[in-house]
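The following exercises concern the structure shown below.

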Amino acid sequence: TDQHHNVAITRYLPQETGMMGSMMLPLAFPGASCPILPPLTNQTHYFSFFSFIANEIGNFYYVCEVPGHAENGMYGYFIVK
């Protein structure tokens, strides 16, 4: 409720690339992210929709692109079969 967040699909984690901040990671697919949303204010919950075509088989990650978030564990595994 007190921080910005988003989600993006990438091939890498910041820890794997040595990059400073997940905002520098390339997207795995065109359109595979939503904008960074502001924190909760006055009980207003922000949301966003996005869609993409996962046109490649492989292992990917979903990450929060806000600097420090993915680096501190805000990520998960995304598998395309």
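**Exercise 1.** Identify which residues make up the largest nonpolar core, and state which residues Phe29 touches.

*Solution.* The largest nonpolar core consists of 6 residues: Ile9, Ala28, Phe29, Ala32, Phe60 and Val80. Such a core is a set of buried Ala, Val, Leu, Ile, Met, Phe, Trp, Tyr and Cys residues joined through side-chain atoms within 4.5 Å. Buried means under 20% relative accessible area, exposed over 50%, and partly exposed in between (1.4 Å probe, protein chains only).

Next, consider Phe29. With residues up to four places away in sequence left out, Phe29 touches Ile9, Phe52, Ile53, Ala54, Asn55, Glu56, Phe60 and Val80, where a contact requires heavy atoms within 4.5 Å. A second, separate core has 5 residues, including Leu13, Tyr61, Val63 and Ala70. In soluble globular proteins, nonpolar side chains tend to be buried together.

The model is predicted: local features need pLDDT of at least 70 and side-chain atom pairs count only at pLDDT 80 or more, whereas totals for chains, interfaces and linings use all residues. Residues are numbered from 1 along each chain as its sequence is written, and side-chain values use heavy atoms, with hydrogens and water left out.

**Exercise 2.** Locate Pro35 and list its contacts beyond four places in sequence.

*Solution.* Pro35 lies in the loop between α1 (14-17) and β2 (58-63); helices (H or I, at least four residues) and strands (E, at least two) are DSSP runs, numbered from the N terminus. Beyond its neighbours within four places, Pro35 contacts His5, Asn6 and Ser48. For the pair Pro35 and Ser48, 13 residues apart along the chain, the C-alpha separation is 7.3 Å.

**Exercise 3.** Is Asn72 buried or exposed, and which backbone oxygen does its side chain reach?

*Solution.* Asn72 sits in the loop between β2 and β3 (75-80). Asn72 counts as exposed because its relative accessibility is 70%. Its side chain reaches the backbone oxygen of Gly68 at 2.6 Å.

**Exercise 4.** Describe the overall fold pattern and decide how the radius of gyration of the chain compares with the globule rule.

*Solution.* The chain has 1 helix and 3 strands, in the order β-α-β-β along the sequence. Its radius of gyration is 13 Å, close to the 12 Å given by the globule rule for 81 residues, so the chain is as compact as a globular protein of that length. The radius is taken over C-alpha atoms, and the rule is 2.2 Å times the number of residues to the power 0.38. Finally, buried residues make up 32% of the 81 residues.

Conventions: A polar contact is a pair of N or O atoms within 3.5 Å; within protein, one must be able to donate a hydrogen and the other to accept it, and residues adjacent in sequence count only if both atoms are side-chain atoms.
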